[in-house]
Amino acid sequence: MTTELKQGSAGARGARGNVRANARDDILAAAEEVVAALGAQALTLDAVYRQAGVSKGGLLYHFPNKEALLHAMVDRYVTRCFAQETEFLREIGEDARGAGSRAAIAQLAADDPGADRLSAALLAAVATDLEYLAPLRDLVRQRFEAMKQSDVPFETAAIIELAVNGLALFELLRLPPLTPEDRHQVLATLDRMAGGSGDLPEAGSRPSSPLNPGPAKR
């Protein structure tokens, strides 16, 4: 992966801004690749700038220290997770019964349990300091509050949420307890509990994330 920060005239500021934004994304992707390939303990600024193909100064322009990099990795994870769940909500229909729970189930169903890069931000944060998970913690809290306004009984919605994220946590720790077929059937059963038909996307059918923290819209 090679990233070049182009220089330009004042008239090219918009393009230059895009290049810088792309470089930032490339650096974050490189950080995920380092963790996925070598483990959370290998996440250093030196390892990341080499993987990203930028100069060390280029990396420090975006992330002056490892703390800033970790915060950005978790923020990127949460943003991506929320965007993907919003897509499923749109497909299901926000007014459909159990839409929030069903979107979380569909998102995990579509995830590829072997896609280690998707777990990298969480693994790096947990290995360093649990406080980096504060944005995720806040969104999970919001989700449980939203369940109280759902058309699915709170106890049922909570059981579904805990089951989905319990499975996700096992996969994050590379302790998958289910065969792919059993995994799909379990998630289909949870979908029916939430008011769906049990018709879910196949694993690996679209990019997803191991946890599903985005606050559901009711």
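A residue counts as buried here when its relative accessible area is under 20%. Keep in mind that this is a predicted model.

How many of its residues are buried? It's 12 of 12, so with that cut-off helix 5 is mostly covered. The list includes Ala99, Gly100 and Ser101, and also Arg102 and Gln107. Among the things covering these residues are helix 4, helix 7, helix 8 and helix 9.

| Helix | Residues |
|---|---|
| helix 4 | residues 66-92 |
| helix 7 | residues 134-147 |
| helix 8 | residues 154-172 |
| helix 9 | residues 180-193 |

Now for two of those neighbours. Packed helices are described by the angle and the distance between their axes. For helix 4 and helix 7 the angle is about 30°, and the axes are 9 Å apart. Angles under 35 degrees count as roughly parallel, and helix 4 and helix 7 are therefore roughly parallel to each other.

Which residues meet there? From helix 4 come Val74, Asp75, Tyr77, Val78 and Glu85, and from helix 7 come Pro135, Leu136, Leu139 and Arg143. By class, this contact has 6 nonpolar, no polar and 3 charged residues.

Last stop: an unreviewed UniProt entry lists residues 44-63 as "DNA-binding region". In the model, that span is 75% helix and 0% strand, and its end C-alpha atoms lie 12 Å apart.

Conventions. Residues numbered from 1 in each chain as written. Predicted model: local features only at pLDDT ≥ 70, side-chain atom pairs only at ≥ 80, totals over all residues. Heavy atoms only, no water. Axes fitted to C-alpha atoms, helices over the stretch in contact; angles between N-to-C directions. Helix = DSSP H or I, 4+ residues; strand = E, 2+ residues; numbered from the N terminus. Parallel < 35°, antiparallel > 145°, perpendicular 65-115°, else oblique. Contact = heavy atoms within 4.5 Å. Nonpolar A, V, L, I, M, F, W, Y, C, P; charged D, E, K, R; others polar. UniProt positions renumbered as here; feature names shortened; annotations may be inferred. Buried < 20%, exposed > 50% of the residue type's maximum accessible area, 1.4 Å probe, protein only.
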